[in-house]
Amino acid sequence: MNLKISLQIAQTHLLSKKRQTLIAMLGVTFGIAMFIVMISVIKGVNKFLEDSALDSSPHIRIYKEITSNHPSIIEEANPSGFNVTYHQLPKNELINIKNGLQIAANIEKEPSVLGVSPQISSQVFFNKGPVPFSGQIAGVDVMKEDKLYDLKKRIKSGNIESLLSTPNGILMGKVLARNLNVKVGDKITVTTPTGNLKLVKIVGTFGFGIQTVDGVKCYANMSMVQEILQKDKSFVTDIHIKMKDSQAALTYAKVLHNQYGYKTQDWAEANSAFLAGDKIRNGMVIMVSITLLVVAGFGIYNIMNMNVINKMKDIAILKATGFAGNDIVSIFLIQSIIIGILGALLGIIIGFVLSYLLSSMPFDAGDFLDIKTFPILFEPKYYGLGMIFGITTTILAGYMPARKASKIDPVAILRG
Amino acid sequence: MQINKPKNITESIAPPSGAGGAVLSASNINKYFYEPDKFQVLKNISFEANRGEFLALVGKSGCGKSTLLYILSTMDTDYEGSLVMQGERLTGRTQDQLAAFRNEHLGFVFQFHFLLPEFTVLQNVMLPALKLGKYSNKEIEERAYQKLKLVDMQDHALKQSAKLSGGQQQRVAIARALINDPTIIMGDEPTGNLDKKNSEVVFEIFKQIAHENNQTIIAVTHDPDFAKGSDRIIEMSDGQIIN
């Protein structure tokens with residue numbers, strides 16, 4: 001087999017039928033370009049959703065789980081008897097983490113931990129006229145919280161420093177603030193579940209781009225929340241932890257649970273709905289990609305098949321003059337490979353351009369998502385994948401007609 | 001790949017012999033067609049061809065002369081009997097081995113000229129030699145020009161072959177058949193599609209090849225003038241050699 005001649009013949013064939021070559025190439029180009037755009041959009045959306053979910057939730061949250069699911073005294077005393085307990089109520093438990101501040105300080109020493117924010121969190125009502133709005137207030141050290149969630153960037157009005165200088169100030173989610181029709185400087189009454197009232201001053205608003213956060217959450221100083229809940233200075237209900245590597249959180253959460261005995265929730269558990277959506281979207285990408293590539297493959301198969309049929313006479317002559325089956329296969333396979341490589345390259349370029357245009361297209365998702373343009377992921381890995389897919393498909397699609405060509409019986413054609 | 005093997009055998013078994021040595025011998029060739037019914041096309045055909053001999057195969061349509069030629073050409077392997085060329089038994093070899101053998105030892109000229117239309121005249125002539133790979137590209141080009149000169153087509157070397165007239169294409173096909181200096185050149189009605197003048201040109205070239213280059217020519221023909229001018233006429237009828 002002499003690849004040089006095969007290449008020369010393949011080249012002449014391709015160049016003498018420029019339009020046919022171009023159409024075959026465009027089949028691959030379209031498939032690969034659409035694959036790149038699809039995967040960039042879906043991966044971009046996935047990453048955006050994941051990021052916004054992860055950014056606004058801690059990697060690990062430590063809290064005390066309150067449950068009424070514990071055995072009654074009579075059951076403990078008489079485990080084999082037939083006991084009936086009606087309306088069992090939870091024990092009168094405090095929801096705080098004992099020594100929470102100390103635990104937080106210990107965790108912070110861990111080198112893999114990015115930041116720790118102990119906080120006291122409670123359901124509250126905001127009274128504006130006759131209508132109570134429910135919300136959630138978190139008493140935090142706002143500087144620590146900033147380290148975890150990059151609060152400064154998410155401030156829409158006011159600033160976080162004024163929270164430090166205003167003991168009764170709060171930072172309010174922007175959707176909640178809009179619903180309450182309040183802005184920076186306004187005052188509003190907070191009612192705790194135990195019935196205490198407190199007049200607070202709004203010093204800023206923030207937006208995470210997630211409705212479930214922006215519509216309910218407020219930040220306040222830890223001491224103020226402890227005061228309205230009538231708790232002492234060491235009372236914390238939650239410890240939020242951010243790790244340097246989010247994957248490490250999954251194992252570290254278990255370590256913390258064993259170490260301190262409190263319920264630990266990692267980000268994957270807290271965002272399982274998001275992650276399930278991720279999986280579904282990824283599955284869709286794979287299905288659509290395969291469809292596109294199969295269509296492109298059939299296109300090439302058809303065109304190469306036609307090419308072989310058109311070239312039957314030539315194949316017969318080549319065989320008569322001493323070209324072996326392998327030479328014929330290589331001649332036609334080389335054509336497919338050239339079509340595949342050029343088509344895939346062009347597809348990657350067009351895919352990139354389309355993705356780029358999409359990424360600069362304005363996209364208004366309202367309050368639901370905090371984005372201005374389509375989230376597109378530019379990942380070289382997928383471009384490489386597109387290239388590999390494109391070339392593999394063309395080789396497979398080109399091999400069958402090439403094999404057919406090598407099986408042609410020259411006698412039948414030369415005799416006419 | 002397999003090009004070298006048969007070549008070596010050739011050189012050891014059949015050293016180039018002078019005029020008169022048998023370069024091709026077919027013995028007891030039988031061939032059947034199975035479509036639509038089983039039908040014996042060739043019946044026990046045996047003959048020999050000598051070096052430098054100009055053979056014409058004649059006979060009525062359907063007598064099996066073309067079928068015989070394609071068996072001799074090694075392209076048709078579905079037959080009974082044995083075929084020996086240059087001292088090598090070719091019956092039972094694989095398609096690829098036969099292709100390598102054809103490349104080096106056989107040249108073909110067909111009725112419908114059969115050049116590769118997208119290639120230039122020069123490329124068409126060069127291809128079998130490039131496949132053989134015995135000479136460098138430059139030498140092959142030089143040799144191709146020589147062969148084109150022999151058929152008086154050297155001025156058209158760089159033209160696309162599809163743009164030539166029928167007679168010109170046939171001359172190029174002869175040049176292509178000669179490029180590897182084959183022992184045997186086979187023609188399937190090489191003048192069948194040409195006018196009288198071009199037929200004469202082709203005939204003269206064939207004659208020259210046989211007598212000056214000492215290459216064997218086996219041509220199937222309907223043209224009585226062409227047959228008359230050959231060294232030996234093999235006449236066939238109903239799948240048998242009658243003369």
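This is a predicted model: local features need pLDDT of at least 70, side-chain atom pairs count only at pLDDT 80 or more; totals for chains, interfaces and linings use all residues.
Which residue is the bridge partner of A:Ile170 in β8(A)?

1. **Strand β8 of chain A.** The bridge partner of A:Ile170 in β8(A) is A:Ala220. That pair belongs with the link to strand β5 (residues 169–173) of chain A, which runs antiparallel to β8(A) and is joined to it by three bridges. Strand β3 (residues 131–140) of chain A is joined to β8(A) by five bridges, and these two strands run parallel. Within β8(A), A:Lys217 is the bridge partner of A:Gln136. Four of the five residues of β8(A), which covers residues 217–221, are buried, so the strand is largely enclosed by the rest of the structure.

2. **Chain A overall.** Chain A has 17 helices and ten strands. Its radius of gyration is 33 Å, well over the 22 Å that the globule rule gives for 416 residues, so chain A is more spread out than a compact globule. The C-alpha trace of chain A spans about 105 × 65 × 40 Å along its principal axes. Of its 416 residues, 40% count as buried. Among contacts in chain A with a separation of 6 or more, 80% are between residues 24 or more positions apart.

3. **Helix α14 of chain A.** This helix (residues 312–320) deserves a look: seven of its nine residues are buried, so it is largely enclosed by the rest of the structure. The buried residues are A:Asp314, A:Ile315, A:Ala316, A:Ile317, A:Leu318, A:Lys319 and A:Ala320. They pack against α15 (325–359), α16 (380–406) and α17 (410–414) of chain A, and also against α3 (95–105) and β6 of chain B. After α14(A) comes A:Gly322, which has a positive phi, near 110°.

4. **Where the chains meet.** Chain A has 20 residues in contact with 22 residues of chain B. On the side of chain A that touches chain B, the elements giving two or more residues are α1 (3–16), α14 and α17 of chain A. The largest share, five residues, comes from α14(A). By class, this side of chain A has nine nonpolar, seven polar and four charged residues.

5. **The sheet of chain B.** Chain B holds an open sheet of six strands in the order β6-β7-β8-β3-β9-β10, with mixed pairing. Strands β6 (106–109) and β10 (240–241) of chain B stand at the edges with a single partner strand each, so one side of each is left without a neighbour in the sheet. Strands β3 (residues 54–59) and β8 (residues 216–220) of chain B run parallel and are joined by four bridges. B:Ile218 in β8(B) is the bridge partner of B:Leu55. Helix α2 (residues 65–72) of chain B lies across β3, β7 (184–188), β8 and β9 (232–237) of chain B, and runs at about 145° to β8(B).

6. **Nonpolar cores.** Which residues touch the most other members of the largest nonpolar core? They are B:Leu57 and B:Ile218, in a core of 123 residues. The largest share of this core, eleven residues, comes from helix α2 (residues 18–56) of chain A. There is also a second, separate core of 52 residues, which includes A:Ile120, A:Phe126, A:Ile137 and A:Ala249. Leaving out residues up to four places away in sequence, B:Ile218 touches B:Ala49, B:Leu55, B:Leu57, B:Leu69, B:Leu72, B:Ile184 and B:Met186.

Note on methods: Residues are numbered from 1 along each chain as its sequence is written. Chains are lettered from A and ligands numbered from 1 in the order in which they are written. A nonpolar core is a set of buried Ala, Val, Leu, Ile, Met, Phe, Trp, Tyr and Cys residues joined through C-beta atoms within 7 Å. A residue is buried if 20 or more other C-beta atoms lie within 10 Å of its own, exposed if 12 or fewer, and partly exposed in between; C-beta atoms are placed from the backbone. Two residues are in contact if their C-beta atoms, placed from the backbone, lie within 7 Å. Two strands pair if DSSP finds at least two bridges between them. Axes are lines fitted to C-alpha atoms, for helices over the stretch in contact, and angles run from 0 to 180 degrees between N-to-C directions. Ala, Val, Leu, Ile, Met, Phe, Trp, Tyr, Cys and Pro count as nonpolar, Asp, Glu, Lys and Arg as charged, and the others, Gly among them, as polar. The radius of gyration is taken over C-alpha atoms; the globule rule is 2.2 Å times the number of residues to the power 0.38.
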